[in-house]
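Biologist: I would like to learn how to read a structure like this one. Could you take me through it feature by feature?

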Amino acid sequence: MHSFHDLIINRRSIRSYTAEPLTPEQVQTILEAALMAPTSKNSRSWQFVCVDDRDMLTRLADCKQAGAVPVGRCALAVVVCGDPSASDAWVEDASIAATFMQLQAADLGLGSCWVQMRGRFAADGTPSEQCVAELLGIPEQYPVLCIITIGHPDEQRRPLDPAKALWEKVHIGNWRVTE
């Protein structure tokens with residue numbers, strides 16, 4: 001990418017990936033971005049579980065009734081968890097780290113997709129985060145927020161159009177209703 005603005009315009013959620021694996025260097029760079037993400041009071045309240053085993057990826061995809069297909073297709077899934085005892089802002093901390101991973105992946109020419117798990121359910125009604133935690137042995141005190149899927153894109157997405165930015169959602173000085 002030429003600039004951060006270009007990165008923002010061109011980063012799109014990718015739900016279909018090639019079979020090409022990631023290099024260890026790519027994985028390290030992506031995880032390093034997450035580990036350098038800012039956190040409330042420098043609490044570093046996040047935890048990450050990296051999964052590249054094809055069978056486990058398929059099983060993780062079944063933890064959510066809809067919208068988890070990319071988990072079964074990616075080269076790497078990073079399960080993002082938090083520690084509520086370390087910070088009351090663990091959701092925000094984990095969200096920032098997840099976003100940093102997505103931006104770093106895009107900068108490397110890779111695709112990614114945020115797959116929400118917190119507050120979602122498997123087809124049998126089991127909470128998605130419980131299903132993921134049980135499959136991966138995640139301790140109960142580290143709730144699962146999301147899974148970030150990463151891989152080589154097997155689809156093309158058009159860049160975002162800055163002309164379609166919803167500027168009516170920006171309020172300067174105070175809240176103003178636009179008509």
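Biologist: Let me start with one side chain: is R59 buried, partly exposed or exposed?

Modeller: First, the ground rules: this is a predicted model, where local features need pLDDT of at least 70, side-chain atom pairs count only at pLDDT 80 or more, and totals for chains, interfaces and linings use all residues. Residues are numbered from 1 along each chain as its sequence is written, and side-chain values use heavy atoms, with hydrogens and water left out. Buried means under 20% relative accessible area, exposed means over 50%, and partly exposed is in between (1.4 Å probe, protein chains only). R59, with a relative accessible area of 40%, is partly exposed.

Biologist: Which residue does R59 meet in a salt bridge?

Modeller: Side chains of opposite charge can pair when their charged atoms come close. The cut-off for a salt bridge is a side-chain nitrogen of Lys or Arg within 4 Å of a carboxyl oxygen of Asp or Glu. Here R59 meets D55, with 4.0 Å from N to O. The structure holds one salt bridge. The two residues are four apart in helix α3, so about one helical turn separates them. D55 is partly exposed too, at 47%.

Biologist: How many helices and strands does the chain have?

Modeller: Helices (H or I, at least four residues) and strands (E, at least two) are DSSP runs, numbered from the N terminus. The chain has six helices and four strands, in the order α-α-β-α-α-β-α-β-α-β from the N terminus. For overall size, look at the radius of gyration, taken over C-alpha atoms; the globule rule is 2.2 Å times the number of residues to the power 0.38. The chain comes to 17 Å against 16 Å from the rule for 179 residues, so it is as compact as a globular protein of that length.

Biologist: Which cysteines does a disulfide join?

Modeller: The test is a pair of cysteine sulfur atoms within 2.5 Å. That gives one disulfide, joining C63 to C131 with an S to S distance of 2.2 Å. The link connects distant parts of the chain, 68 residues apart: C63 is in the loop between α3 (54-61) and α4 (69-73), and C131 is in helix α6 (residues 128-136). C63 is buried at 0% relative accessibility, and C131 is buried at 16%.

Biologist: Which residues touch the most other members of the largest nonpolar core?

Modeller: A nonpolar core is a set of buried Ala, Val, Leu, Ile, Met, Phe, Trp, Tyr and Cys residues joined through side-chain atoms within 4.5 Å. The largest has 24 residues, and L22, F48, V78, V80, M101, I148 and I150 touch the most other members. Two or more residues each come from α2, β1, β2 (76-82), α5 (90-107) and β4 (144-151), with α5 giving the most, seven.

Biologist: What is V78 in contact with, leaving aside its neighbours within four places in sequence?

Modeller: Contact means heavy atoms within 4.5 Å. On that basis the partners of V78 include L31, F48, M101, C146 and I148.
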